[in-house]
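User: Please take a close look at the aromatic side chains in this structure and at what surrounds them. I would like one connected account.

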There are 2 protein chains.
Amino acid sequence: MYSLLYVRIAREVVDLTARARIRDAAIECFAQSGFGASFRTIAAHAEVSPGLITHHFGSKEALREECDAEVLRRYRDIKTNAVDAPSAHLLTELTQPTSSPTILVYLIRAVGAGGPGARRFLDRLTDDMRDVMARGVESGLVRPSRDEEARLRYLTYQTMGALLVQFLVTSPATPDEFVATLGDAGSDVILPILELATEGYLADRSILDDYVRFLAEPHDDQGASAS
Amino acid sequence: MYSLLYVRIAREVVDLTARARIRDAAIECFAQSGFGASFRTIAAHAEVSPGLITHHFGSKEALREECDAEVLRRYRDIKTNAVDAPSAHLLTELTQPTSSPTILVYLIRAVGAGGPGARRFLDRLTDDMRDVMARGVESGLVRPSRDEEARLRYLTYQTMGALLVQFLVTSPATPDEFVATLGDAGSDVILPILELATEGYLADRSILDDYVRFLAEPHDDQGASAS
DNA sequence: CAACAGGCTATACACGCGACCAGTCCGCGA
DNA sequence: TCGCGGACTGGTCGCGTGTATAGCCTGTTG
């Protein structure tokens, strides 16, 4: 019994157990070539046979879920370890090569894949953003919103969406190439981001004020919606 | 000779020629189920045999390109026909069910597919946005930017990205269902959009001002970058 | 009337995928 | 020492894809 434990510990230290190696290889392959990466590719990358993946995970979907969980875990680690750098907003933080390019690209691909998985990732991202924004509002750095949750969600969608689109049009060969692209085009993208963040782009307040006034009016479609 | 002409005209009026029917069916299927839609599905939708698609278009990529061109053409038509409604920004216009849901979803899917095709679509969208923004700046409705092109590009990426993400997490069964979803969640999304557009979310100008001052400083990495 | 041309169909092919399974090897436990 | 169980392998299967091709069927032409 304890010898089995020994083996497990030893393999975790020196080189991981085959199961973990497959998982890590899958994460890398998914980030590299999308979730269409074949078992054979992953197996070759993990230096195991294709059949072993099925043996350990049963199906591709199960493997995908385990990879998702692992990436989410690592992402949280990166976030909590980077609290010392109080960046103003999410994108600045994500753009930093601090977080592993593989994780960033996996996030983007997970969102890009859509479905419930994408929703889970976005919820997690929203959670992290929520803390940042709350602290920002408290410190007076960011304006309070009339609907904090809605603003949070849309900001997340917007930010991740811009990142996703940038990724899609670049179609980089490797995650590192993508973050390099971000750095290259950085001077072109940071200025509009900051401009839009501090000034917006509408010079006329009337549209917003009209809409707020419209929302303040009583509506009748709420009570009768269920019937 | 004229009888052949007659046939052509008649089919264009009553029902289109098989080639056009395939193209339209492909556009609809691509919007409905993505570009992975099979020849068989498209053929069934166009009421022809799968082989006929190959016969007319040669390959799937060629079919795709023809669909892209057609959608872009129709999109431009929709845009030019809707000049009478001077909407402030793109998303308001796109959200309207004025433009056919199929076209909107095809746009989103084309961007989501990535690659050079996505770039073409985004460039076209940027072009349209450029006119709107220029007119807005002229009329004093929107603030001028320190870098109009960069703002334009990022705004397009942001807007389309948010739309794309929304589409991906909803994973609607049909284009109509998607625009319906937009309408349902509209009250949750319009407010943050307007807020962010007119006020931004940063209360402190210092970050932007610092960056602008930083850009004004002379840089040495430009001349030595090539070596 | 007969022959032809082309739109159109049905079938067949090659390929890559995930899933599955019989068999091998190694190490722990009795 | 023997035997058992799980890690692991390589090959095979069915499926669905895009592509290629041989043949039918209709309308036109000499």
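Analyst: In this predicted model, one aromatic cluster is formed by A:Phe30, A:Phe35, A:Tyr106 and A:Phe121. A:Phe35, a member of that cluster, also has A:Arg64 lying over the face of its ring, at 3.8 Å from the ring centre.

Over all chains, the structure holds 10 aromatic pairs. One of them joins B:Phe30 and B:Phe35, whose ring centres are 5.1 Å apart and whose planes stand at 55 degrees, so the pair is tilted. Both B:Phe30 and B:Phe35 are buried. B:Phe35 also pairs with B:Tyr106, and here the centres lie 5.4 Å apart with the planes at 90 degrees, so this pair is edge-to-face.

As for accessibility, B:Phe35 has a relative accessible area of 19% and is buried, because the cut-off for buried is under 20%. B:Tyr106, at 0% relative accessibility, counts as buried too.

A charge over a ring is also found in chain B, where the charged end of B:Arg153 sits over the ring of B:Tyr157, 5.9 Å from its centre; this distance falls inside the limit, which is within 6 Å of the ring centre.

Definitions and conventions: Residues numbered from 1 in each chain as written. Chains lettered and ligands numbered in written order. Predicted model: local features only at pLDDT ≥ 70, side-chain atom pairs only at ≥ 80, totals over all residues. Heavy atoms only, no water. Phe/Tyr/Trp six-rings, centres within 6.5 Å; stacked < 30°, edge-to-face > 60°. Buried < 20%, exposed > 50% of the residue type's maximum accessible area, 1.4 Å probe, protein only. Lys NZ or Arg CZ within 6 Å of the ring centre and 35° of its normal.
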